[in-house]
Amino acid sequence: MASRYLPPEWAPQDAVLLTWPHAHTDWEPLLDSVEPVYVQITREIAKRQRVIIVCADDAHRAHIADLLLHADVDLNAVNLYVAPSNDTWARDHGPITVMHNDKAEIMDFTFNGWGGKYPADLDNRITNELHHLGAFGDTPLVRESLVLEGGSIETDGAGSLMTTTQCLLSGTRNPTLDKLKTEERLKQCFGVKHILWLEHGHLEGDDTDSHIDTLARFCDENTIAYVSCDDASDPHYPELQNMAAELRLLCNARGERYRLVALPWPMEKKDSDGRRLPATYANFLIINGAVLVPVYDDPADTIACDRLAEIFPDREIVPVPCLPLIRQNGSLHCISMQIPKGVLTKG
């Protein structure tokens, strides 16, 4: 029988995919503040592994190369490809890599703009276009009709996959699939045996229908780091308290409870219109030898980094200022997608 395995984020990686913001995205008025964030993320990744960057057109490609060159980024570790894009959320329109009989396979799920909230026709074609351009070497690509975003799933690498009912069971993604049929598809695609559903948890400003990567993250087979709110006056308090109670009851595929690590609650961040922004420390990115942690010029930044340092003692903790990113409702993990080892390098 063919075996399938979804590598966890802490498994060895070949690269990280980024889709760069440009003037034809909602980032247009914010480019001066958001591009330096992308440059810093690229620099940190390029120190440790390859970076694959999606550019909107040839002029955009030249612009990005110039930015990186002047920021002393190692361009030998950067691959720039031209593919038109609607937006920049590579976690959700990018490829999800599985190991199929121990060989890497790129899965290209359908992306419909988080249930039709935003245009996504170009983003939905990016993975296929990158594959056509050779960005993933000779790794095979499988098109999948299931509507699924990478930010909506987390794996412990040991047979369990965690997600939220608000997202995967929303009627705007896969309306013909109920909970049981959704579980069947997830098990078929990823080779997992156990689906862990969270029914609670939401951040104001989030428009993904509660992606799991904004709320709770696997850090190893036994550990979950999660967003915690202990301020009873905050509107998030009831939902996040209920989510914490759910997490305490979760068991892995062996029937064992997970170790839980609470991440701090930052002060509320608002845009110029007074809209609350989804600042979350759960949106960190694990790469080879490091964890890139979103920080928000907040007193809780240091606490978040310290707690993650305890979880990841063998990785460097790298804070990345991400206030510009949350202006468009996402953060560091949302704009990136890891490419596991075996896609670009064999063995």
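Which residues of the largest nonpolar core touch the most other members? Here are some notes on that and a few other features of this predicted model.

1. **The main core.** The residues to look at are Ile41, Ile53, Met162, Leu247, Phe284, Leu292 and Phe312, which touch the most other members of a core of 80 residues. Helix H1 gives the most to this core, with 8 residues. In soluble globular proteins, nonpolar side chains tend to be buried together.

2. **Leucine 292 and its neighbours.** Leaving out residues up to four places away in sequence, leucine 292 touches Ile41, Glu44, Ile45, Phe284, Leu285, Ile287, Val318, Val320 and Leu332. A second, separate core has 36 residues, including Ala15, Ala90, Ala104 and Ile106.

3. **Helix H1.** This helix covers residues 31-46, and its end C-alpha atoms are 22 Å apart, which agrees with the 22 Å that 16 residues should span at 1.5 Å a residue. The buried residues of H1 are Leu31, Val34, Glu35, Val37, Tyr38, Val39, Ile41, Thr42, Glu44, Ile45 and Ala46. Please note that Glu35 and Glu44 are among them.

4. **The largest cavity.** A search of the whole structure finds 4 cavities of 30 Å³ or more. The largest has a volume of about 230 Å³. Strands S5 (96-100), S8 (154-155), S11 (216-220) and S19 (336-340) each give two or more residues to its lining, and S19 gives the most, with 3 residues. Of the 20 lining residues, Leu6, Pro7, Arg91, Ile153 and Gln338 lie nearest the centre of the cavity. By class, the lining has 11 nonpolar, 5 polar and 4 charged residues.

5. **The second largest cavity.** Its volume is about 80 Å³. The lining includes Leu203, Glu204, His236, Trp265 and Arg276, and its residues divide into 7 nonpolar, 1 polar and 4 charged.

6. **Two backbone angles to look at.** Most residues other than glycine have a negative phi. Tryptophan 114, in helix H4 (residues 113-116), has a positive phi near 55°. With a relative accessible area of 6%, tryptophan 114 is buried, as the cut-off for that is under 20%. Aspartate 209 also has a positive phi, near 65°. This aspartate lies in the loop between strand S10 (194-198) and S11. At 22% relative accessibility, aspartate 209 counts as partly exposed.

Definitions and conventions: Residues are numbered from 1 along each chain as its sequence is written. This is a predicted model: local features need pLDDT of at least 70, side-chain atom pairs count only at pLDDT 80 or more; totals for chains, interfaces and linings use all residues. Side-chain values use heavy atoms; hydrogens and water are left out. On a 1 Å grid over the protein atoms alone, a cavity is a set of points where a 1.4 Å probe fits but cannot get out, and a pocket is an open set with protein on both sides within 12 Å along at least five of seven lines; lining residues have an atom within 4 Å of a point. Grid points are joined across faces, edges and corners, and a volume is the space filled by probe spheres set on the points. Helices (H or I, at least four residues) and strands (E, at least two) are DSSP runs, numbered from the N terminus. Ala, Val, Leu, Ile, Met, Phe, Trp, Tyr, Cys and Pro count as nonpolar, Asp, Glu, Lys and Arg as charged, and the others, Gly among them, as polar. The expected span of a helix is 1.5 Å times one less than its number of residues. Buried means under 20% relative accessible area, exposed over 50%, partly exposed in between (1.4 Å probe, protein chains only). A nonpolar core is a set of buried Ala, Val, Leu, Ile, Met, Phe, Trp, Tyr and Cys residues joined through side-chain atoms within 4.5 Å. Contact means heavy atoms within 4.5 Å.
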